[in-house]
Amino acid sequence: MALSRDLGLTETEIAIDRLETLPPINQLFDFITIVEREPSREQLKKELAELRREVEALKLEKIDLEIVIENITEHADGIENELRARNKEIVSLNHQLALANKELEQLANLDGLTEIANRRHFDETLTREWRRMARQRQPLSLILGDIDFFKRYNDTYGHQAGDWCLKQVALAFSQAAKRPSDLVARYGGEEIAVILPDTDERGGIYVAAEIRSHLRAMAIEHGGSPIDKYVTLSLGIATLFPTPELSATLLVNQADTALYKAKKDGRNRTVFFRKGSV
């Protein structure tokens, strides 16, 4: 003020000068609002206490969630263990089922008396091998065998002995046809057949000789036979190179024709089918 007076300013000019040095009125109002809004110590304490309660509540919720998660984990482990046990049980049951199905299929393909292939399995195998040999252009041989005077054997020794005799003859066939692809089957009654894939005339005759050899070694007595004191066989053999145009029935007919000739010529012999000679 002394400086203002020294400068020769009037009181009005000095007042105006002071007003100009003050901050704007809006800034003054903002300052007042801030001061009014600044929380008190008690309010801060209340807010802090509230925050602490919320934190404690969150901690309790966390603990509860951890317990729930632990229970779920334990329950999940139990479920997983149970599922593993059930899966093992299912695998075991499936394995048993597969074995049972395989055994059932084998039983369905076997003759109940002789335990060699039955006629149905013979027909299926002959058709399959005929097609396979046609594709590979390899020979297929078939042997049809008939027990000589088998009815007289049953009349002499009884049907139970006849069943045993038939089993022994089937065994002789099986011992001669050793390859996995060979099939020995009961063709009907006392007739037994052998399917020989990839086997030519020479091979078919060799297997027939082996059958007769095994049967002779068994020396099964046949008191009712007029041609030998032991059980004998008549065998018919046929060999063909299958083609898609031909039917497997042709092979069966030829082998059957050869068998008929063996029986007609006196039995206890092997005849190979040749056109014009049978």
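## Charges over aromatic rings

Arg267 lies over the face of Phe149, at 4.4 Å from the ring centre. A charge is taken to sit over a ring if NZ of Lys or CZ of Arg is within 6 Å of the ring centre and within 35 degrees of the ring normal. The charged end of Arg119 likewise sits over a ring, that of Tyr187, 3.9 Å from its centre.

The model is predicted: local features need pLDDT of at least 70, side-chain atom pairs count only at pLDDT 80 or more, and totals for chains, interfaces and linings use all residues. Residues are numbered from 1 along each chain as its sequence is written, and side-chain values use heavy atoms, with hydrogens and water left out.

## Aromatic pairs

The count comes to 3 aromatic pairs, where rings of Phe, Tyr and Trp (its six-membered ring) pair if their centres lie within 6.5 Å; planes under 30 degrees apart count as stacked, over 60 as edge-to-face and the rest as tilted. Phe122 and Tyr187 form an edge-to-face pair, with 5.2 Å centre to centre and 85 degrees between the planes. This pair links distant parts of the chain, since Phe122 is in helix 5 (residues 119-136) and Tyr187 in strand 2, 65 residues apart. Helices (H or I, at least four residues) and strands (E, at least two) are DSSP runs, numbered from the N terminus. Both Phe122 and Tyr187 are buried; buried means under 20% relative accessible area, exposed over 50%, and partly exposed in between (1.4 Å probe, protein chains only).

Tyr153 and Tyr157 form a tilted pair, at 4.6 Å centre to centre and 40 degrees between the planes. Both lie in helix 6 (residues 150-157), 4 residues apart, about one turn of the helix. Tyr153 counts as buried because its relative accessibility is 4%, whereas Tyr157, at 34%, counts as partly exposed. Together with Phe150, Tyr153 and Tyr157 form one aromatic cluster.

## The sheet and its helices

An open sheet of mixed pairing is formed by 5 strands in the order 2-3-1-4-5. Strand 2 (183-188) and strand 5 (270-272) stand at the edges with a single partner strand each, so one side of each is left without a neighbour in the sheet. Two strands pair if DSSP finds at least two bridges between them. Strand 1 (residues 140-147) and strand 3 (residues 191-197) pair in the antiparallel sense over 7 bridges, and the bridge partner of Ile143 in strand 3 is Val194.

Helix 8 (residues 201-218) lies across strand 1, strand 3, strand 4 (233-240) and strand 5, with contact meaning heavy atoms within 4.5 Å.

Conventions:
Axes fitted to C-alpha atoms, helices over the stretch in contact; angles between N-to-C directions.
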